[in-house]
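Q: I would like to learn how to read the main features of a protein model. Could we go through one together?

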Amino acid sequence: MTYDLAVVGGGILGLAHAWHAARAGMRVAVFERGEVADGASVRNFGMLAIVAQRPGPELDSARATLDSWREVAAGAGLALRQAGCLFVARQDEEMAVLSECAANSDGYGQNFTLLNGDNVHDFAPGLSRTALGGLYSPDAWKVDQCGALAAISGWLAREHGVTFHFGAEVLEAANGRVTTAASEWPAQHIVICGGDDFARLYPEAWTQSGVTSCRLQMLRTAPQPGGWQLDPFVLGGLSVTRYSAFAECASLPALRSHQQSHQADAVANGVHVIAAQEADGSVTLGDSHHYGANAEPDDPGAVDDLILGELDERMTLPERSIAARWVGRYAHLAGQSLLRLHPAPGVTALTVTNGQGMTHGFNVAAQTIGEITEK
Ligand SMILES: Cc1cc2nc3c(=O)[nH]c(=O)nc-3n(C[C@H](O)[C@H](O)[C@H](O)COP(=O)(O)OP(=O)(O)OC[C@H]3O[C@@H](n4cnc5c(N)ncnc54)[C@H](O)[C@@H]3O)c2cc1C
């Protein structure tokens, strides 16, 4: 059997490529090292963060990916919830950026609403009464990051004829051939979507690009009691300086310098808070950012405390006990959102390098498959 396309990696990027290729009439196989995919795609918030994007190509890419998620979710029977996103301000400098954005909502291509402290408190249960105010956008969607890959893989196999090889680490991908420990398959095109695994396939090409990994700490509470419900993603001021949607705000440098002098530990550990409720009532919390192949904070417990401290500044969860802690990793290349390499004839290797592969993955895949089919 010769495949038109062999995809290495069964994370969201791999599945997005498989879907676009199958729709283009290609015979597709996905090779995933794990018995189930266990990379960044199942370790994240499941946030499709349209709200976080800079106007222009970045925002367009996120919106195009959202359209694909709608189609895929409908086909695969996945829940896709328009959660919205609420930035909660505790400091004047945060409020200044949020107010500036709200005043220029149209220019940002966003649908921002500015809230005062009382509005924030009424917006969602548990939010602080002492917030200065907030910024709300309806443009953030929640997918079930833990269940999505299995649902999409099953649907691609059933409805689109994609072949899946699980437990199949690809040891070599070159010369129109994909090689695992067990077998070899001919493939006309090969797309490598291995996330932040740069060691196995084409390590020299990855090294030359300067790409590295980012390590993130995440937590999840036990399910919240009694139907307690948090609709929006809740974020704070440290997210405002992280997301490119706010990059052009004139008031941003003042916020950044305030954070550097008053929240130095959080800044040093790349901490910001995102709180997102899952379908079982638990709340996913994160995260931190440590850059480098083997990056590891001196005291991971202290990093968790910083994340929880940021949360406590903004909201009180009725159930605060932590049921799960985990680490996720994604590819990082400063100032670049995507790395696409052509390390050998017929081989494309790519990874999303801005930590937003759920938000941009389907659009990235559409471009790759477009390049292949137009050749
Ligand atoms: C903690 C955290 C929070 C995040 N939150 C968000 C968010 O809310 N919204 C958002 O848009 N993005 C978020 N991201 C980023 C997003 O999760 C990633 O950009 C995206 O999941 C990357 O997908 P991927 O398919 O490239 O990589 P992965 O999901 O890492 O998948 C790569 C797969 O390739 C397989 N593989 C690697 N090498 C081989 C090989 N040689 N042979 C066979 N299989 C191989 C691995 O086993 C793995 O399953 C977050 C990331 C993290 C870590």
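A: Gladly! Let us begin with burial: a residue counts as buried when its relative accessible area is under 20%, and as exposed when that area is over 50%. Keep in mind that this is a predicted model. Of its 375 residues, 57% count as buried.

Q: What secondary structure does the protein have, and how compact is the protein?
A: The radius of gyration can be set against the value that the globule rule gives for a chain of that length. Here the protein has 11 helices and 20 strands. Its radius of gyration is 21 Å, close to the 21 Å given by the rule for 375 residues, so the protein is as compact as a globular protein of that length. Along the principal axes, the C-alpha atoms fill a box of roughly 65 × 40 × 40 Å.

Q: What share of the contacts joins residues 24 or more positions apart?
A: Among contacts with a separation of 6 or more, such pairs account for 75%.

Q: Which residues touch the most other members of the largest nonpolar core?
A: A nonpolar core is a set of buried nonpolar residues joined through side-chain atoms within 4.5 Å. The largest one has 45 residues, and Leu5, Ile12, Val28, Trp69, Ile152, Leu156 and Val162 touch the most other members. Elements giving two or more residues to this core include strand 1 (3–8), helix 2 (57–76), helix 5 (148–160) and helix 11 (357–374). Helix 1 gives the largest share, 8 residues. Leaving aside residues up to four places away in sequence, Ile12 touches Ser41, Trp69, Leu149, Ile152, Gly357, Met358 and Phe362. There is also a second, separate core of 31 residues, with Cys85, Val97, Tyr108 and Phe233 among them.

Q: Which residue has a positive phi although it is not a glycine, and is it buried or exposed?
A: Tyrosine 202 is one of them, with a phi of about 55°. This tyrosine lies in the loop between strand 12 (184–192) and helix 6 (203–209). Its relative accessible area is 18%, so tyrosine 202 is buried. Asparagine 175 also has a positive phi of about 55°, and its place is the loop between strand 10 (170–174) and strand 11 (177–180). Asparagine 175 counts as exposed because its relative accessibility is 71%.

Q: Where is the peptide bond that is cis, with omega near -5°?
A: Look at the bond from glycine 286 to aspartate 287. Aspartate 287 sits in the loop between strand 16 (283–286) and strand 17 (290–291).

Q: How many positive and negative side chains are there?
A: The protein has 24 positive and 41 negative side chains, and the centres of the two sets lie 3 Å apart.

Notes: Residues are numbered from 1 along each chain as its sequence is written. This is a predicted model: local features need pLDDT of at least 70, side-chain atom pairs count only at pLDDT 80 or more; totals for chains, interfaces and linings use all residues. Side-chain values use heavy atoms; hydrogens and water are left out. Helices (H or I, at least four residues) and strands (E, at least two) are DSSP runs, numbered from the N terminus. Buried means under 20% relative accessible area, exposed over 50%, partly exposed in between (1.4 Å probe, protein chains only). Contact means heavy atoms within 4.5 Å. The radius of gyration is taken over C-alpha atoms; the globule rule is 2.2 Å times the number of residues to the power 0.38. Lys and Arg count as positive and Asp and Glu as negative; His and the chain ends are not counted. The place of a charge is taken as NZ of Lys, CZ of Arg, CG of Asp or CD of Glu.
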